Structure formats: structure tokens, C-alpha cells
Amino acid sequence: MAEVLLRGLAHSYKPNPGKPADYAVRPLEMTWEDGGAYALLGPSGCGKTTLLNIISGLIKPTQGNVLFDGKDVTELPTEKRNIAQVFQFPVIYDTMTVFDNLAFPLRNRDVQPADVGRRVQEIAELLELTADLKRRASGLSADIKQKISLGRGLVRSDVAAILFDEPLTVIDPHLKLVLRSKLKQIHRQFNLTLIYVTHDQTEALTFADQVVVMFEGGVVQVGTPQQLFETPAHTFVGYFIGSPGMNLLSARLLAGRVCIGDIPLPIDPGSLHLVPGDELVVGIRPEFVRYSAVATPDALPVQIVRVEDLGNYQIVTAKVGEQLVKAKIDEDAQIKTGEAWLHFPAERLGLYLNGKALSSAQPVVI
Amino acid sequence: MQKIQDHRAWLLVLPVVISVAFSAIIPLITVVNYSVQDILGPGQRVWVANEWFINTMRDKDLHSAFLRNLLFSLEVLLLEIPLGIAVALALPASGWKASLCLVLIALPLLIPWNVVGTIWQIFGRADIGLGGYFINNILGISYNYTLEARDAWITVVIMDVWHWTPLVALLCYAGLRAIPDAFYQAARIDGAKAWSIFWYIQLPKLRGVLLIAVLLRFMDSFMIYTEPFVLTGGGPGTATTFLSIYLTNIAIGQFDLGNGAAFSLIYFLFIQIFCFLFYTVILRAGRN
């Protein structure tokens, strides 16, 4: 059990970092609560693996401190930190049997053979590896190897947190679901702090209680999957989460109203101190865009350019002025290319300036 | 689609065929030709069928040379492989220091083999050689590789280790660089000590590279000729007469071309069999 606190933490691979772009992990302050299941989500190169390695101790941060349960562990090497890490490619000891692989961390810590045997049996049963215990680890499939890697972390009774670095990358798709459920089961049973790095939003959203979204070295939002979906705090979160991602449309201030092109939207800029020259972005998820074949008072006229049938829903791509909007429409609706109207519900619209969400935007009726 | 037939392509292969024919095929056929005859002089030859082959297989001197070669290869492997691994483990992983060390280590490999023999020949001399003088006069141990069989043998072995350990070291170095960092990181998290990391991670992952190193070193040491020939000429007596030196004594020294030809064909066959066995072992290990 461990609460992980990152204080003033930053990391740069350059000797004298100056601008934010020099940092692999920009200065941040974060608490990972004891027993929480977190996902670190972001595109490749955003710094999530660096952050994970700083927490596990494989990298020493150039600035700041890492605290486990209030104790400063920044100077402590990995083996003293009571954490286990599962890597992207299955790491097992080829020459040993599965039993010996699981027993290895215990034997290195001089645990009695009887206790070693008992503990390995317990964990093997939990991970459904009992049948394979006597087999040599090298000939097994990737998912069993990852289970062994996970088992080596669980078998130590002093483990407080388990860190995962994209562990399901090499696993077959149909086995990913099995392993994810297994991870959730382990989380419930042991109440360990789990931190799971991934670039796959489905994995992150189904596994975690709280998702930390990273972009270009900085944390852009921390929230439940629900919060990230409905109220993204950053255009990147809107774009990255959801399939397809949020529609991000350039907008501007015209006669006191936020408009796309010349068409006003049902948002009141109100107390936001917006200036006509601001580059505003309006975001709305394809799921919330409503289609209408006839003009309604608060709908935008659009030209439908493409309709894709994806089974039980359709993706409609429409042109608003020069910009494209995608909408997720039910499969029953008959939609043809050409003139149409799209309705953006006020409560689903988000307003963004320089990527960040403006929180005082109020819905208003036109 | 119709396959285009253009027989002019044969002309492109012709130069290679001619050069291989001259340098390999025709000489080989000549050797086979000589091996079934007794060449008494230019223009004088007698057909003896398989007499030379029987002779060679029964030759006591050949048996001793063969055993000498096996013993030499064994000693050399037992020294070079562990030493090569140790050197590879000690080399830095990257940076300018790594490049410098690699260049320095590779230097013995670049020296022409007869120059290697000459270097050690002078080095071991009691009168003007650094090593010979040091051992005899400063350490007080009597050392003379031209008179003592044991001294000659030790010198040849050490010369080979000096010359070829860098090859093993370079191969193992490349093998070590191929191990992903995650293995070392996981081993640290598991609390493994340095010996465990070597025994359970590094050595198993070097298996393929080591088999290649063993194959190369065994083959080369079994066929060794230049270095011992320059160093001791096969002496004192027959202490360092390896198969290749024995063969050249017969074929060129005694001008016994028929005998030499039969001998070289048998030598060739031994090496082919060993190559095949090792290759099968590597394939098996690779599949595991």
C-alpha cells in the first residue's frame, strides 16, 4: 500500500533545460492515492514512460522529489522501493522453469524454501499458472510470459505499487480482455496502487478509476473516464479520447457572440474577457451532434459529404463553411449527401482558448 | 506471364566460373588425381589406387599430430572463450571510451599471421626477447622454446590466445549489446546480484554468439599453420608439429605429392564432418 507523491518533479535529458520543450517531463505536482488504479494515457513520446521510470526509480529525476507514504525515496534505488514493474516485452528468465521464475525474487531476498513454495503456489493459483509451473519458461506464449512477469511482482509480500509499461502490446487481442479482467481482479483483491501506462484509450478507460492524460511532457487532465469524456479540460483530451475524437472547430467572436463562420452558437461568452482577435476553438463530440433533414431554428446549415456505415451506427462527415464536422448517428436514420442541418446542444459544447477549456462558458438560448 | 529466356545471362556468370575454376576446382581435381598415384618425378607416375589412403590412416605420426591438434584446440578454446566473455563484460557499453577500447582490442586481429609468429619468436628469445629475457633472468625460470617441448607448446598456446581472444571478445560484445535494457531493469527489481544477472540473463542470451565463436575458433585452431610454423617450425622434434605442418613436410618437404594429396583429402574430410556436427548443434540450439 503506498501513496505516491510527486513534488516539484521534472526531468530533462538535456544538461541545461530552458524552455518547456527541453523537458521530457515538465514540472508537475501530483498525488497518486493509495490503492488507486491509475492509467497514464498519452501518445508516443509524451513522457509517460519517463514518468513511470522516475516513480519506479530506474531514472533519477533532474528536479524534484518522489515520496512514498511521506518518505522521500528519490535517492533510493529501485530494489529498495517496494515496487514491481511489468514491461512492454515479457521479461522472463529463459533457463528457469515457471516455478523458479516466480520464486526468484523471494530467493534473492533469502526467504525460507517452505515459504517460497507456499507463496509461489498462491500466486500461481491466482494467475491460473498452476498447470505450467513445471514447464520451462522460454517456450510459452506471450500472455503466459506476461503473467509470469506480473507474478514476480505479486509474489513479494512487501510490494506496495505495481507499475505497468504498456504490458499488453504484444498480447493477442482476444487475450487482452482476459488479462485486463485479471488485473482488475488483482486490484480488488490486494488493494495495491496500480499505475498503468498506455497509448490505447480503450485500455485506459476500461482499466482505471482515474486517468492521467499526458501531452508533450505535461499532465493535461486527471479525471475519471466519464469526466474525460464529457468535460475535457484540453483540446488534446477531446481529440485523443473517443472514437472518432471530439470535433474541434475554429470559431471567433463576432458581435459579442461566439460564431463558426457567420453562424452564432448557443454559448454566452459572458464574463470571459474575450477579444475579437482570439483564436477560439469550439469542441463537441460526434456522439452529441444531432442531425436534421429540415431547418430548425438553432441548427447549422451544412453540406453532408460522406456517410460511413459502421454496423450499428453511422459516421456522417459534413462541411460547415470550410471545416469538417463528424457526427455519430443511429443506423436507422436515412442520411443522404447534400444539404442538411446539424444541431449542437448547448450543454455539450466546450469552448477552448490556446488548447485550454474556458470554464465560464454558459449555455444560452438563442 | 511468359518467362523471358535470355541466354546472354550465362556470359555474366562466366568470369566468376573461370576464376573459381582456376583457384579452386582445377587444383582440387589435381589433388584427387595425385592422391591415387605415386609421383616419383616430373612425368613419372604410378597408379596405386587407394594405397596412400590406407597408408595415411595407419600412419602413427599422423595419429600423434591429430591428437596434438585436438589437444591444442581444446586448450585454446578453454582459455579463449571465458577470457573473451570476461573482456566483453568489462568493455564500456557506449561512448568514445567504448570505441577506443574496441579499436585497441582489435589490433592483434589485424596483424598478418606470419608477423604474429615472428613477433612471438623474437619476444620469446632468451637473449634479445623481452619475454624470454624477463622469464629467464628476472623471474629465474628456465625458458627456451627451441629446446624444451613444454616451453614451445606453452608459447604456441599463449600466442594463439593473444591473437584470437579479441575475436571472441568482439562477438560477445555485440551479443551483449543486443540484450534489451528491460531485462537488466527487471533483474534489479527482482533483487538479483551481479552473478545471477550474468548466469541467468547474459550467458543464456549469448548462447548463439558463443556457438559461433566456438565454431570459428575450433575450425581455425584445427587448421592452424602459419603461426606455429614461423615460431617453432614444428619443433623441437615433433612437439608442435600440427597436422598442417606435417602435411606440408610430406607434400613439399619430401615432395611426396601422392601421399600429401591423400592426406589433405582426409584432413578436408575431418573438418567437413566437424563443421557439419557443429552446424547441426547451432541449428538445434537456435530452435530451442
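Here is a short tour of a predicted model, with stops in chain A and chain B.

**Stop 1: the sheet of chain A.** Select the strands of chain A and colour them by element. You will find an open sheet of four strands, ordered S2-S1-S4-S5 and paired antiparallel. Strand S2 (23-32) and strand S5 (71-72) of chain A are at the edges; each has a single partner strand, so one side of each lacks a neighbour in the sheet.

Now zoom in on strand S1 (residues 4-12) of chain A, which is antiparallel to S2(A) and joined to S2(A) by six bridges. Which residue of S2(A) is the bridge partner of A:His11? Pick A:Val25 to see that partner.

Next, show helix H1 (residues 48-56) of chain A. H1 lies across S1, S2 and strand S4 (63-68), and runs at about 125 degrees to S1(A).

**Stop 2: chain B as a whole.** Switch to chain B, where there are 13 helices and two strands. Its radius of gyration is 24 Å, well over the 19 Å from the globule rule for 288 residues, so chain B is more spread out than a compact globule. Along the principal axes, its C-alpha atoms fill a box of roughly 80 × 75 × 35 Å. Buried residues account for 26% of the 288.

**Stop 3: a helix pair in chain B.** Select H3 (residues 60-90) and H10 (residues 207-222) of chain B. These helices pack at about 145 degrees with axes 9 Å apart, in a right-handed crossing. Show side chains at the contact: B:Phe72, B:Val76 and B:Glu80 are among those from H3(B), while H10(B) brings residues including B:Leu210, B:Arg217 and B:Phe218.

Key. Residues numbered from 1 in each chain as written. Chains lettered and ligands numbered in written order. Predicted model: local features only at pLDDT ≥ 70, side-chain atom pairs only at ≥ 80, totals over all residues. Axes fitted to C-alpha atoms, helices over the stretch in contact; angles between N-to-C directions. Left-handed = near helix turned anticlockwise from the far one by under 90°. Contact = placed C-beta atoms within 7 Å. Pairing = 2+ DSSP bridges. Rg over C-alpha atoms; globule rule 2.2 N^0.38 Å. Buried ≥ 20, exposed ≤ 12 C-beta atoms within 10 Å, placed from the backbone.
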